[in-house]
Amino acid sequence: MNDAADEGASAAEGPGDDPDAMRAADLPAQRCGVIAIVGKPNVGKSTLLNALVGEKISITSRKAQTTRHRITGIRTRAQTQFIFVDTPGFQTRHAGALNKSLNKTVLGAIGDVDLILFAVEAGNFTLADARVLSLLKPEIPALLVANKLDLVQRRADLAPWLKGMQERHPFAEFVPMSAKNKGDVERLFGICAKYLPEQAWWYAEDELTDRSERFLAGETVREKLFRFTGDELPYSSTVLVDKFEEQASRQYRRLVKIAASIVVERDSHKMMVIGEKGERLKRIGTEARQELEKRMDAKVFLELWVKVRSGWADDAARVRAFGYE
Ligand SMILES: Nc1nc2c(ncn2[C@@H]2O[C@H](COP(=O)(O)OP(=O)(O)OP(=O)(O)O)[C@@H](O)[C@H]2O)c(=O)[nH]1
């Protein structure tokens with residue numbers, strides 16, 4: 001991101017004597033800034049990010065703590081480039097190395113941004129929300145995104161709740177909304193834009209993420225893994241992409257061969273992932289492959305393995321080796 005930022009800075013230099021630059025200076029100024037989406041697990045942060053970016057960038061599932069990485073989603077609209085970072089649901093319940101790493105990612109993500117979207121479930125505020133809120137610095141503007149508004153039965157009850165929220169933190173604005181409602185998401189763009197500084201864009205207009213296809217492959221398998229195992233499988237299970245190779249092909253315009261390992265902590269979890277006669281693993285593989293083919297516009301061969309590595313989520317060195325900062 002630094003390189004991109006440097007480019008942006010040079011593009012924003014003054015017009016000088018260059019006639020082309022003079023013309024550029026007549027245009028409305030570009031805006032560009034970073035927006036962090038924070039909140040406790042399962043409040044809908046990834047759903048919101050995907051809706052804002054207009055594509056599925058971050059995986060979602062009903063299982064809390066699905067998001068493990070800081071993910072950048074980019075959306076450029078009219079003169080404004082919005083750079084979103086999604087963060088893992090901050091949590092303090094488990095103390096293992098994986099969780100320490102996740103919490104560090106959240107703290108890193110909110111220190112240096114232009115705007116924070118603090119997401120909660122509308123009408124709810126628990127100790128877990130309070131813990132995340134305590135991390136926000138008053139000098140960075142924060143919007144209270146009261147998400148899942150569609151689940152609120154009596155809207156009238158929301159007013160006193162919002163008033164209480166204002167006492168907890170000096171929020172710049174309240175945004176009661178549903179991440180699943182297009183109109184609400186549209187309105188959020190307009191609200192966010194005014195908090196972003198006037199500066200040249202950091203990314204090309206059509207860029208959607210700075211994450212690689214290899215990363216996307218791992219995340220897609222992980223999403224299907226959690227979808228098809230539900231609450232049975234501990235969230236410490238992870239996916240490693242062992243091979244990601246684009247190969248020349250006469251038959252297909254693009255051909256990508258991917259091999260990935262699903263890493264679990266116990267033999268019993270391995271059986272759970274594989275399922276009876278291998279049915280579940282097959283389903284995970286098929287769904288992941290189909291989705292990747294669509295998103296990468298390529299023919300994909302996907303090979304999945306299940307490996308047992310007991311205690312990896314409590315082992316700091318392994319957590320790093322598995323790609324978590
Ligand atoms: N009814 C309703 N459900 C929503 C809304 N937004 C998200 N959800 C659901 O809430 C669940 C959690 O959404 P995620 O986007 O994965 O939540 P998250 O905050 O990113 O979760 P972590 O990755 O655990 O931090 C999913 O089942 C979503 O479909 C909403 O506006 N209304």
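1. Here are a few notes to read alongside the model, which is predicted. The protein chain holds 11 helices and 9 strands. Of its 325 residues, 35% are buried. Among contacts with a separation of 6 or more, 72% join residues 24 or more positions apart.

2. Next, have a look at helix α3, residues 45–53. Here 8 of the 9 residues are buried, including K45, S46 and N50 as well as L48, L49 and V53. Just after α3 comes G54, with a positive phi of about 85°.

3. Then there is the sheet with β7, β8 and β9. These 3 strands form an open sheet in the order β7-β8-β9, and the pairing is mixed. At the edges are β7 (238–247) and β9 (299–308), each pairing on one side only. Ignoring direction, neighbouring strands of this sheet are turned by 15° against each other on average. Between β7 and β8 (residues 255–264) the pairing is antiparallel, over 9 bridges; E246, for instance, has V256 in β8 as its bridge partner.

4. Finally, the helices on this sheet. Helix α8 (residues 213–229) packs on the sheet and touches β7, β8 and β9, and its direction makes about 135° with that of β7. Helix α10 (residues 279–296) lies across β8 and β9, at about 140° to β9.

Terms used:
Residues numbered from 1 in each chain as written. Predicted model: local features only at pLDDT ≥ 70, side-chain atom pairs only at ≥ 80, totals over all residues. Helix = DSSP H or I, 4+ residues; strand = E, 2+ residues; numbered from the N terminus. Buried ≥ 20, exposed ≤ 12 C-beta atoms within 10 Å, placed from the backbone. Contact = placed C-beta atoms within 7 Å. Pairing = 2+ DSSP bridges. Axes fitted to C-alpha atoms, helices over the stretch in contact; angles between N-to-C directions.
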